[in-house]
Amino acid sequence: MAVSADVVPRRPTLLFIVVLGLLFILMSLSSRTRYIGETRTMFERTVMTLFSPVPKLVNWLGQSASDGYHGYLDMRHAVNENLELHRKVAQLTTENLQLRQSEGDLKRLRALMDYSEQLSTPSTLAHVLMLDTSGRFKSMVLDRGSAAGIDVNDAVVNASGLIGRVVLTTKDMSKVQLVTDGNSAVGVLLERTRRQGVLRGDGGSGAQLYDIPSLADVAPGDAVLTAGIDGIYPKGIPVGNVVKADKGADLFKSIVMKPSVDFGSIEEVIVLHTRKIPHDVVRYAP
Amino acid sequence: MRWLRFLVGLLIALTLHSLLDSFFPNALAFFNPYVILIVYYSMGGNIFGAIVAGVIAGLVQDAYSGAIFGLHAFALTVCAYAVAYINSRLVLRGTLAFGACLVGAVIVNELVIYVLVNILLKQKIEMFEQGMVVKTIFTCLFGMLVYQLLTLFLREEPIEATRRPAGW
């Protein structure tokens, strides 16, 4: 392991001593300048400037990594928050729809109740289970039947006007024939002139007035009410308005009427328990 | 080439210094990367190179620490000279030898700093002994790990492994 002495250089030792001396002087100067406020000598500043890219780079990398990490955390947080907000939006949208639905229901029912209070006839509120307005036979099925006091030939109305009459009942359901049905007939009168006639459904979305003489005063827009002469419908229920009134081919006018009820949007109805004419009276009626 | 390697080592040491300063401000009280570099370089046995390396590394350390400018340069130069001097006479190789040199260098480094601070600033370093022991242990362990990795994976030998003939 030992090495011969001639290998060891001597001059480096001298250099070592000189360097230590210089460094000591440098330290002395530096320690002096500390007390007079100047903490960085020019030499120190030069060394710092030379190697400054390294701490800057380290700082930049650290800052970037920190920013990236926090950005990632923020992004994760934002994603979770976004998902949570999406869930809340869906929940609130559903609630909003339900509230709107409830509000609509409330308005309709309130209108219906107000209307039913105006009527002197006993009535029952019913919901529509099925509605068939597409075929020639216009009908609907209600969720109340004979158990609720509904009987055949009870009039069915809502706040807009006349809908039809009950033609069949079970214990808890009933079937209604709409006034637009081709087999339906309602005794009506024109509100303005009190002229009476018969309303028949045209099998489509409208109805026609029959038995109005050619000389009668009928104009488009005239309101049509139930006449209360058929033993089914009470008097004064709005039925619709005259759309067209032409002079017919024979003694009677040809009158087209538009029902006041929108049959496509019926949800609740009022069934009027009208006073029925006894069978015997009907049998001997003229 | 050896100077280039030294420069790369110095940049790595400075990077470590900056990183530790940024994230673990007290870590440099327990660990000195510059001593590892200097010992690694000085184990080549080139005294002249070791002195220059000690001065440069020490000045860089001084520039980025709050000490008197030249304090670490002085201490590291003494360490570098001592290690290089010993290695110019004894061919010390291997991780254990490197660790022994490192332990000695850290102790010398700390003692020189202690003395200089006493002389120049008339101050005493508090808990000097404890700090020196901790710094010696951690620096030695880390230095030996680095040495082992360099030897195993890069097939590195200390810079200037083969001794040069006399003269500079």
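In the predicted model, the buried residues of helix H6 of chain B are covered by elements that include H2 and helix H5 (95-121) of chain B. The residues concerned are Lys135(B), Thr136(B), Thr139(B), Cys140(B), Gly143(B), Val146(B) and Tyr147(B), each of which is buried in H6(B). Helix H6 itself comprises 26 residues, 128-153 of chain B, and extends 37 Å from its first C-alpha to its last, a value close to the 38 Å expected at 1.5 Å a residue.

A similar description can be given for helix H1 of chain B, at residues 2-23. Because 22 residues at 1.5 Å a residue should span 32 Å, the 31 Å between the end C-alpha atoms of H1(B) agrees with expectation. Within this helix, Phe6(B), Gly9(B), Leu10(B), Ala13(B), Leu14(B), Leu16(B), His17(B) and Ser18(B) are the buried residues. Their cover includes elements from both chains, namely H2 and H3 of chain A together with helix H2 (33-42) and helix H3 (47-63) of chain B.

Taken as a whole, chain B contains six helices and zero strands, so that, by the assignment of helices and strands as DSSP runs, its order of elements from the N terminus on reads α-α-α-α-α-α. Of its 168 residues, 47% count as buried. Among the contacts in chain B between residues at least 6 apart in sequence, 74% join residues that are at least 24 apart.

Between the two chains, 31 residues of chain A are in contact with 34 residues of chain B. On the side of chain A that touches chain B, helix H1 (11-35), helix H2 (42-51) and helix H3 (53-118) of chain A each supply at least two residues, and the largest share, 13 residues, comes from H1(A). Sorted by class, this side of chain A consists of 22 nonpolar, six polar and three charged residues.

Chain A also contains a closed barrel of six strands, which runs S6-S7-S8-S11-S10-S9 with antiparallel pairing.

How values were computed: Residues numbered from 1 in each chain as written. Chains lettered and ligands numbered in written order. Predicted model: local features only at pLDDT ≥ 70, side-chain atom pairs only at ≥ 80, totals over all residues. Pairing = 2+ DSSP bridges. Helix = DSSP H or I, 4+ residues; strand = E, 2+ residues; numbered from the N terminus. Contact = placed C-beta atoms within 7 Å. Nonpolar A, V, L, I, M, F, W, Y, C, P; charged D, E, K, R; others polar. Buried ≥ 20, exposed ≤ 12 C-beta atoms within 10 Å, placed from the backbone. Expected span 1.5 Å × (residues − 1).
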